[in-house]
Amino acid sequence: MKTLKFKIYCHKRNRHLKRVINAAGAIYNHCIALHKRYYRIWGKHLNCSKLQSHIAKLRKRNQYWQLVGSQAVQDICQRIEKAYQLFFKHHKTGVRPPGFKKVKKYRSFTLKQAGYKFLGGNRVKIGNQVYQFWKSREVEGIIKTLTIKRTSLGELFMVVVVDGVNESEIKFETGKIAGFDFGLKTFLTCSDGSKIESPQFLKQSLNAIKTASRHHSRKQKGSSNREKARLNLVRKHEDVVNHRSDWFWKIAHQLTHKFDVLCFETINLKGMQRLWGRKISDLAFGEFLKILQWVALKKGKQVVFIDRWYPSSKTCSHCGHVLQSLDLSIREWRCPSCQSVNGRDENAAKNICAVGASTVRLGDVRQVRAAVAV
């Protein structure tokens with residue numbers, strides 16, 4: 001499976017797609033209301049098939065709802081069903097049931113087998129309208145779904161999920177393996193001694209975001225000036241997201257070009273966010289790992305994760321001695337067994353590399369041994 005994202009050119013006919021998204025939001029809220037009412041009366045969860053058949057009957061009598069295709073309506077019901085199943089399974093961990101959404105803030109609708117057709121060039125037919133999109137790459141494989149998404153700025157994007165694309169196998173070109181340790185001061189510390197500092201784009205733009213937020217809050221609600229201030233604030237946040245994403249892609253390509261196997265420690269992002277808050281959101285470790293895994297799969301490289309309970313910082317990378325405790329403020333420590341001085345992050349990266357090398361599949365042992373020996 002592969003996901004492709006294209007931007008739809010701005011045009012007056014895009015108003016129709018935005019009306020369809022608004023109609024999808026109205027259907028979504030109606031489905032949520034039916035779920036709540038059904039549970040209040042019968043004390044049971046509303047079945048997805050019953051909900052779909054009921055909405056199909058209501059859709060025949062509501063002309064506004066007919067803007068949304070039948071498959072898109074089914075997808076809305078399936079989204080709600082998945083959200084409730086997730087709530088029933090993980091409600092003890094704080095997962096909440098799906099709730100109502102403002103129609104203006106509703107984001108997307110999805111088409112599956114019907115309702116769209118790709119024409120020649122960069123044109124696509126959705127419903128009875130033809131739209132042009134920025135064709136940055138060819139659409140290869142079998143198209144499974146097509147999703148129209150609306151951003152906070154009102155821009156429209158087309159997300160296409162395709163299947164049948166050949167996935168790369170694990171290939172070793174450089175014969176090198178490396179371990180990486182995430183940090184608050186240093187974004188990544190590599191087992192070869194190199195370090196990568198994070199630009200912290202949110203911290204750089206924080207003053208501009210605060211000023212834009214202050215201007216937005218001072219405008220009168222419902223006025224055109226408030227809408228302009230809101231768009232300005234959204235642009236500030238999107239600039240941060242785009243700069244960070246661009247930097248992540250570049251770092252991912254650099255690391256996969258340099259190493260064949262990349263080892264990381266599984267981290268508890270939610271726990272770290274409770275401790276350090278906005279700092280963790282700015283570093284965005286989870287987003288970086290998703291991008292790195294995608295680039296590694298595309299290049300035929302391998303990303304290995306080790307258990308987060310492994311004492312990588314407390315274990316001496318020279319002799320294997322494990323300390324009983326190591327405070328977070330201690331950045332260097334001397335091993336009581338071999339008397340070697342270990343930097344906290346560098347030592348953790350070396351241990352992650354050693355443990356990650358032991359978990360690589362057996363067919364790659366020869367290449368990994370050669371890499372570790374180097």
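Let us start with a pair of strands: strand S9 (residues 188-190) and S10 run antiparallel and are joined by two bridges. Within this pairing, leucine 188 has isoleucine 196 of S10 as its bridge partner. Please keep in mind as you look around that this is a predicted model.

S9 and S10 belong to an open sheet of five strands, in the order S10-S9-S8-S11-S12, and the pairing in this sheet is mixed. S10 and S12 stand at the edges with a single partner strand each, so one side of each has no neighbour in the sheet.

Is strand S12 mostly covered or mostly open? S12 spans residues 302-306, and four of its five residues are buried, which leaves the strand mostly covered. S12 is also an edge strand, with a single partner strand in the sheet.

## A link between S10 and helix H10

Lysine 195 lies in strand S10 (residues 195-196) while glutamate 346 lies in helix H10 (residues 344-358), so the pair ties together parts that are 151 residues apart in sequence.

How covered are the two partners? Lysine 195 has a relative accessible area of 46%, so lysine 195 is partly exposed. Glutamate 346 also counts as partly exposed, because its relative accessibility is 25%, and the range for this class lies between 20% and 50%.

By the rule used here, the structure has 10 salt bridges. As background, side chains of opposite charge can pair when their charged atoms come close. One of these pairs is lysine 7 with glutamate 155, whose side chains meet at 3.5 Å, N to O. This pair links distant parts of the chain, 148 residues apart: lysine 7 sits in strand S1 (residues 2-7), and glutamate 155 sits in the loop between strand S6 (142-150) and strand S7 (156-163). Lysine 7 has a relative accessibility of 33% and so counts as partly exposed. Glutamate 155 is partly exposed as well, because its relative accessible area is 24%.

Another salt bridge joins the side chains of arginine 230 and glutamate 227, at 2.8 Å, N to O. Where do these two residues lie? Both are in helix H6 (residues 224-258), three residues apart, which is about one turn of the helix. With a relative accessible area of 27%, arginine 230 is partly exposed, and glutamate 227 is partly exposed too, with 38%.

One last stop is aspartate 282, found in helix H8 (residues 278-283). Is aspartate 282 buried or exposed? Its relative accessibility is 7%, so aspartate 282 counts as buried, the limit for that class being under 20%.

What does aspartate 282 touch, leaving aside its neighbours within four places in sequence? Its contacts are Gln200, Phe201, Leu202, Lys203 and Arg244.

How values were computed: Residues are numbered from 1 along each chain as its sequence is written. This is a predicted model: local features need pLDDT of at least 70, side-chain atom pairs count only at pLDDT 80 or more; totals for chains, interfaces and linings use all residues. Side-chain values use heavy atoms; hydrogens and water are left out. A salt bridge is a side-chain nitrogen of Lys or Arg within 4 Å of a carboxyl oxygen of Asp or Glu. Buried means under 20% relative accessible area, exposed over 50%, partly exposed in between (1.4 Å probe, protein chains only). Two strands pair if DSSP finds at least two bridges between them. Contact means heavy atoms within 4.5 Å.
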